[in-house]
Amino acid sequence: MKKNFKIRHGFILLYVLILSYSYFQSTSQHWSSVIDFDLTVIYNSLQLISGLDQDFREHPAYTQFMFYGLSFKVLSFFNSNIITSVEQLLTTDSPNDSISSLFLIARFVNSIFLIITICLLYTSDAADEEDS
């Protein structure tokens, strides 16, 4: 019982650290400061939810594009400033702000994926220990 309590609190602390790090990195780092794969993934996610063919077909992460796109769509219901199509990105008055908000959302979706992966690995490892 005491061991589970410590493990549970350790995971909660880890999740808070991951989300905090992601938040502070996203708010202190401009999306263009390091031209990375993030912009490619954001653009391809917008293409996907716009009903267009994605440009970056060599990448096997269709699921990543889909989850980002779904996240953009869901959050756009709560914040009308979040763009959900390539056409909106091309015609917006402030593309820098639009990409910055999509970049922040993408970072949080990545953090959630990381947390889910940690949980699945831990539960898988705990199940293996019970079997042996």
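1. Helices (H or I, at least four residues) and strands (E, at least two) are taken as DSSP runs, numbered from the N terminus. Ser76 lies in helix α3, and the protein as a whole has 5 helices and 0 strands, which read along the sequence as α-α-α-α-α.

2. A word on the basis of these remarks. The model is predicted, with local features requiring pLDDT of at least 70 and side-chain atom pairs counting only at pLDDT 80 or more, whereas totals for chains, interfaces and linings use all residues. Residues are numbered from 1 along each chain as its sequence is written, and side-chain values use heavy atoms, with hydrogens and water left out.

3. On the overall figures, buried residues (under 20% relative accessible area, with exposed meaning over 50% and partly exposed in between, for a 1.4 Å probe and protein chains only) make up 30% of the 132 residues. The accessible surface, from the Shrake-Rupley method with a 1.4 Å probe, where for residues only the protein chains shown count as cover, comes to about 8,900 Å², and 63% of this belongs to carbon and sulfur atoms. Among contacts (heavy atoms within 4.5 Å) with a separation of 6 or more, 62% are between residues 24 or more positions apart.

4. Returning to Ser76, this residue is buried, with a relative accessible area of 18%. Once neighbours within four places in sequence are left aside, Ser76 is in contact with Ile82 and Thr84.

5. Aromatic pairs are defined for rings of Phe, Tyr and Trp (its six-membered ring) whose centres lie within 6.5 Å, with planes under 30 degrees apart called stacked, over 60 edge-to-face and the rest tilted. By this rule the count comes to 4 aromatic pairs. One of them joins Tyr23 and Phe24 in an edge-to-face arrangement, at 5.3 Å centre to centre and with 70° between the planes. Tyr23 is partly exposed, with a relative accessible area of 39%, whereas Phe24 is exposed, with a value of 54%.

6. Tyr68 and Phe72 form another aromatic pair, which is stacked, with 6.3 Å centre to centre and 25° between the planes. Because these two residues are 4 residues apart in helix α3 (residues 62-78), they are separated by about one helical turn. Both Tyr68 and Phe72 are buried. Tyr23, Phe24 and Phe108, for their part, form one aromatic cluster.

7. Ser111 is found in helix α5 and counts as buried, at 5% relative accessibility. The C-alpha atoms of Ser111 and Ile18 are separated by 6.5 Å, although the two residues are 93 residues apart along the chain. Not counting residues up to four places away in sequence, Ser111 touches Ile18, Leu19 and Ser22. With Ser22 there is also a side-chain to side-chain polar contact at 3.0 Å, a polar contact being a pair of N or O atoms within 3.5 Å of which, within protein, one must be able to donate a hydrogen and the other to accept it, and residues adjacent in sequence count only if both atoms are side-chain atoms.

8. Leu19, Ile112, Ile116 and Leu120 form a nonpolar patch on the surface, with about 340 Å² of accessible area together. Helix α5 (residues 95-131) contributes the largest share of the nonpolar patch, 3 residues. Ile112 is found in helix α5 and is partly exposed, with a relative accessible area of 45%.

Technical notes
Patch = residues over 30% accessible without salt bridge, like charges linked within 9 Å, V, L, I, M, F, W, Y side chains within 5 Å. Salt bridge = Lys/Arg side-chain N within 4 Å of Asp/Glu carboxyl O.
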